[in-house]
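Subject: Structure for your review

Dear colleague,

Please find below the structure that I am handing over to you.

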Amino acid sequence: LPNPPFSIKPKKPPTIIMKAYAAAVATVLFGASAITAFAPSASITTRTNGGVAANTKYSSALGMADDEKVFDQEAYIAESKEMRLKYLEEQAMFSLKIAVENYGNAVFPNAMIAGDVVITHLLHRMGYLKDGAAKVMVVDTFHLFPETMDFLREIEEFYGFKAEVFCAEGVPVGDKAGYDAKYGANLWKEDIEQYDKVCKVEPFQRGLKTLNTDCMINGRTRWQGFERAWIDQFENAPIGGGLAKCNPIAYWTLEDTFDYIAKYEVPHHPLHAQGYPSIGDAKDTIPIPEDGSTKFVNFKFEGDKTPWLDYASERKGRFVGLANKDGSTKTECGIHVAGAEQTFDRDLWEEGAVKNIASTDEAAEIIGSGKEAIVAVYAPWCQFCQGMEEEFAKYAESAGVPVYKFRGDEERDFVQASLNTESFPTVNFIKADGSVVKYDSEARSADDFATFEKSFEKSTA
């Protein structure tokens, strides 16, 4: 086809030529039935806030009125975005329908970030929240922004559901002082990977198991970065050995997400209005840009929105100042990585020659018994304890003294005072006189433990 007889600055050709050319283009590209797409107006089905289908009239950017010869670029972009968003909505709802109705126990772990509030709204539109067909769970790390849990209560009331909240094992929900006493207020500074396991991965997995989840709904998208660039709407999660994972907004950009929030005036996290594109722990989340000049206020952007909407920019303000143990920049909390399910499936040394000490009274009795013993103070979530499990069990099979384990993360004051424990694992030799000697080495093979035992003169009692 020749160049069209119109441009952004038209030469005002006869109207009949304009219409004939548009029809010709449509016929060549799409067939005769597509000619109607170039009519002055089109009727497109959309959904209302309640999910009811409705017809919406669009003034087509490609339709030319007799007295209007200009191609309206802005109108075309707006209409195209609306068409795209409509398709994304329907695609997301279709995946949610499969997740909820094809599986028995779909669970949505909701972090209340932008994508998650979109999913919450979609589940509401489909009626899955009020009837409990989809359950919502929340992980409270005890380090969230205060606004986050307040916002949870707001959306619970707004949508008429009640979330199941999970936190670090052995600590009541909302008991930050209890968390500090059990795990230490500075655990995230001392060992960020252990912090992730204690405060995020373990409660996350426990929540899924408690709720008998067979399909997990989450808000990850390809737009969030290269670690997620190839995800699809359905996949098998690494958790639970094959649990289905539904990513209903996998193909959305962050701009799509905020367009949806604006379109339906969706309740969203109040910190978006303070410059935060994504919200995690208060200790390592910052505004982007750091001066807070980009905001989402009253369903509109203020300032330059590109620092938020560029590819892989949504989570730039997350995990700030944190690094993995290998020195690499931290980009994930551990929940969505392969192998995460291996961390909390069971206790350590459940079988074999390593005996369990069930209480502090029993531990004190062993220390004061006048008999020699080896006691390993451990925490099942500790990767170093996990790492020595096999070798310590092997040592116990041929040890010359009784070998015990004592879970120290649940009795921190006692193990600090009585068993030399500041970190896990801590292995002690209990002498016949009741003194406790710490094994002060990072070498943890069966032979190393045997050598440690033999370094003490055996009691003849």
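A search of the whole structure, which is a predicted model, finds 24 aromatic pairs. One of them joins F258 and F296, whose rings are tilted, at 4.6 Å centre to centre with 55° between the planes. Because F258 belongs to helix α8 (residues 254-264) and F296 to strand β9 (residues 295-297), this pair ties together parts that are 38 residues apart in sequence. F258 counts as buried, at 1% relative accessibility, and F296 also counts as buried, at 2%. F296 pairs with F301 as well: the ring centres are 5.1 Å apart and the planes stand at 65°, so this pair is edge-to-face. F301 itself is partly exposed, with a relative accessible area of 24%.

Elsewhere, ring pairs link a cluster made up of W349, Y378, F392, Y395, F429, Y439, F449, F452 and F456.

I would also draw your attention to a sheet. It is open and mixed in its pairing, with 5 strands in the order β11-β13-β12-β14-β15. Its edge strands, β11 (355-356) and β15 (436-438), each pair on one side only. Within the sheet, β12 (residues 373-378) and β13 (residues 403-407) are paired in the parallel sense over 5 bridges, and V375 stands opposite Y404 in β13.

Two helices may be described together with this sheet. Helix α11 (residues 383-398) packs on the sheet and touches β12, β13 and β14 (426-430), its direction making about 165° with that of β12. Helix α13 (residues 446-454) lies across β12, β14 and β15 and runs at about 30° to β14.

Yours sincerely

Key. Residues numbered from 1 in each chain as written. Predicted model: local features only at pLDDT ≥ 70, side-chain atom pairs only at ≥ 80, totals over all residues. Heavy atoms only, no water. Phe/Tyr/Trp six-rings, centres within 6.5 Å; stacked < 30°, edge-to-face > 60°. Helix = DSSP H or I, 4+ residues; strand = E, 2+ residues; numbered from the N terminus. Buried < 20%, exposed > 50% of the residue type's maximum accessible area, 1.4 Å probe, protein only. Pairing = 2+ DSSP bridges. Contact = heavy atoms within 4.5 Å. Axes fitted to C-alpha atoms, helices over the stretch in contact; angles between N-to-C directions.
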